[in-house]
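Reader: I would like to learn how to read salt bridges and surface patches in a protein model. Could we go through some cases together?

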Amino acid sequence: MEQRRCQATTMRGRWVGCVVTVLLWSVVSAQLRYSVSEEVKEGTVVGNIAKDLGLDKTTLKDRKYRIVTSAAPPLFHVDQKDGILYVSRKIDREEVCEGARTCVMDIKTVLENPLEVHYVAIEVLDINDHAPTFPEKEITLDISESISPGARIPLHPARDLDGGAFSIQQYKLSANDNFRLDVKDTGEDGKIPVLIIQKSLDREISGRHVLAVTALDGGKPPKSGQVNILVNVIDVNDNAPVFSKDVYSVLLEENSPPGTTVVKVNATDLDDGRNEEIVYSFSNSVNRKFFKLFEINPLTGEITVKGSIDYEEKDKYQIEIQASDKGLAPLSTQKNVNIKIVDMNDNAPEIEVTSFSNSIPEDSRPGTTVALISVNDLDSGLNGKVICTLNEDGLFTLLPSLQDKMYSLVTKSSLDREQESHYILTVVAKDAGHPSLSSEKTITVVVSDVNDNSPEFLLSPYTFYVTEGNDPGASVFSVKAFDQDENNNALISYHIVRDGSENNKLASFLNINSETGDIVALKSFDFETLKTFQFHVVATDSGTPSLSSNVTVNVFILDQNDNPPVILYPVSSNGSAEGVEEIPRNVNAGHLVTKVRAYDADIGYNGWLLFSLQEVTDHSLFGLDRYTGQIRTHRSLTETDEAEHKLVILVKDNGNVSLSATATVVVKLVEPKEAFAASDVKSAAKVDEEDNVTLYLMITLGSVSLLFLISIIVLIAMQCSKSTDYTSKYLQEINYDGTLCHSIQYRSGDKRYMLVGPRMSIGSTIVPGSHANTLVLPDRRHASEERSEQMQVCRAVV
């Protein structure tokens, strides 16, 4: 503080001196320069100012010659007698000019009357009066042993109040293999020592180093200062704990009570502090269940029994223990403790299925391994020797393996899942102890399915009846198959065989649901066009490879009353059937006037035609046979009868909803001669027209008669083979020949069916629900033969 105060005063004095000099420059101004060494004694002459300035010594006192300074006490004074400048007190250059290379002090002297100001520059010369000093006597450095060689640690530099050549010139380090010293020259700040790590530190070899750093100045002889450096090597946790033994092996009796000491382990650590403090524990690899049996003291390393020790449960334990230090990054060492349990005979054999397949394919060959069975007795010696047997002596057997106490459960013969899908087997294990102990194990063997069964249809062949005029797109019938396999092997899909052959061309008009077997007709059937057909359906399972089967489907089209009667005579003209007949007046009663001929394309009752008079001029004169369509006279004609009569005949079939047509016959009454003439003319006119018709009718009648004869013979033969309980309930007029007759015979199961017209064989019965046109003919042949026997169509025109 004094130095700073002195500097401030000096600077203030200089500034004032400069101002005064400027103001009085015109009066007097002079500049002298002297030098003096620091530390000179008080009263040492600096210089003779009066002589050097040429001042009169005798006037100095009167003119009050003095030094103007703010320093207290002043460093210099001038004698007013002789004008000599003296040192007033001891000068310390380092105090006056701290840190300056050249120490020059400017003082101002003043004379009055007249005023004169003279400046004197005094250079204070330095001497080596200070030795280098360090801020501290001893420096303590904490250096980690993990520090790398080459690391630089700057030290606090020494200070020397001297300057120039007497300042600090060098630093020296005491001999040490781990450290060396480097000096960094910073210019104005001087030289700074830097401690460099020359060799890696190892606390476990040397935990402390004592170094001496010496600072030397430039004096002759040089002065020096020294500081001691204590290097403490900070421990790094680079040493793991080490156990006192390589292996810990002990014997422990089973059923030892809790608290029993098993073993005490010990480990040491070469590190220091918390890095050498050790904590004992079980390692993470130890099974958690062992924690219920044993425990370890974390401080002492003593392992004691905690739970129940059972030799049969485990005859030896290998427990990995761990010793860890308390470093920030703890290091650990593991060591195994082998504990062997002393056995007592108190357990029955154990059976373990070490390898078992939940299912075995049914096509497995004999000798296929189903399961690998291991038996074990936790006891030792004879008490642990086990014999394994299988109770069942059937499709399976136990074969000893090359390994001790290992058996293979294998098949003895072929399996069939469809006969037996699973088996329950009992394995018995018995030891050789006294008394002997045994145990059993139940094994369930599931036989898995193999696609070895083809789909089977419920019926073969299928026979279906479809009424004509069905709606297109609607399901008409369905087929169903089943598969004795299971899962995908039993998942069936259906499809219709479409081979493009002539016999199978109708299959293109059918579609089948691949999942349900429902069959849909894509078109409407017409009995008059198609009466029966067949196709084939294939059922395929989803196994790998898939299996399939097919079935024949016979379809019979049932007739509906969808065709009205067609009038053949009289011949239709302009949309109406009308004919003219002439008869002589002299005919008797019962005379055949004419016959209305009609045809219906339907069969059975739908084609059975009945005739009736819808309109007639005289009911007493003409009559109509309702079955034949013959018009006859009821009585003899008289002169009073009208000459012309109009008869309107209604022709109607016998369907549930009857369809009909009408014909008009005009009967003219003529005299006998006119009748004969008209008859000749009419015959001549019609001869050409009827020639072709007659030929057609003859051929048709011949064919129909032949077919009808064959049908009668077959029916008679069938009648002879059945009971006489059947009697005809229909068609009482045996000689009826007025309509067409259709018959179709087929059989299904133990019944035969015949679709017929109005004339039926005696002994036939009508099947209920067949629209009254299907008859059942008893058949004594085997019921499983389902086939169509005969189909006949006869058409007669009378």
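**Salt bridges and a surface patch**

Author: Glu39 has a relative accessible area of 25%, so this residue counts as partly exposed. Keep in mind that the model is predicted.

Reader: Which residue does the side chain of Glu39 meet in a salt bridge?

Author: In general, a salt bridge pairs a side-chain nitrogen of Lys or Arg with a carboxyl oxygen of Asp or Glu, within 4 Å. Here the partner of Glu39 is Lys90, at 2.7 Å from N to O. The two belong to distant parts of the chain, 51 residues apart: Glu39 is in the loop between β1 (29–37) and β2 (45–48), and Lys90 is in the loop between β5 (84–87) and α3 (93–96).

Reader: Is Lys90 buried or exposed?

Author: Exposed means over 50% relative accessible area. Lys90 has 54%, so Lys90 is exposed.

Reader: Where do Glu116 and Arg63 lie?

Author: First, the contact: their side chains form a salt bridge with an N to O distance of 3.0 Å. Glu116 is in strand β7 (residues 116–125), while Arg63 is in the loop between α2 (49–53) and β3 (66–68); the bridge therefore ties together parts 53 residues apart in sequence.

Reader: Why do Glu116 and Arg63 count as buried?

Author: Buried means under 20% relative accessible area. Glu116 is buried because its value is 11%, and Arg63 counts as buried because its value is 14%.

Reader: How far apart are the closest N and O atoms of Asp185 and Lys191?

Author: They are 4.0 Å apart, and the pair forms a salt bridge. Asp185 counts as exposed, at 53% relative accessibility, whereas Lys191 counts as partly exposed, at 25%.

Reader: How many salt bridges does the count come to?

Author: The count comes to 15 salt bridges. Salt bridges can also be read as a network: Arg417, Glu418, Asp449 and Glu486 are linked in this way.

Reader: Now the patch. Which residues make the nonpolar surface patch?

Author: To be part of a patch, a residue needs over 30% relative accessible area and no salt bridge. In this structure, Leu458, Leu459 and Phe482 make a nonpolar surface patch of about 280 Å².

Reader: Where is the place of Leu459, and what does Leu459 count as by its relative accessibility?

Author: Leu459 sits in the loop between β32 (456–457) and β33 (462–467). Its relative accessibility is 45%, so Leu459 counts as partly exposed.

Note on methods:
Residues numbered from 1 in each chain as written. Predicted model: local features only at pLDDT ≥ 70, side-chain atom pairs only at ≥ 80, totals over all residues. Heavy atoms only, no water. Patch = residues over 30% accessible without salt bridge, like charges linked within 9 Å, V, L, I, M, F, W, Y side chains within 5 Å. Areas by Shrake-Rupley, 256 points an atom, 1.4 Å probe, with all protein chains shown as cover. Helix = DSSP H or I, 4+ residues; strand = E, 2+ residues; numbered from the N terminus. Buried < 20%, exposed > 50% of the residue type's maximum accessible area, 1.4 Å probe, protein only.
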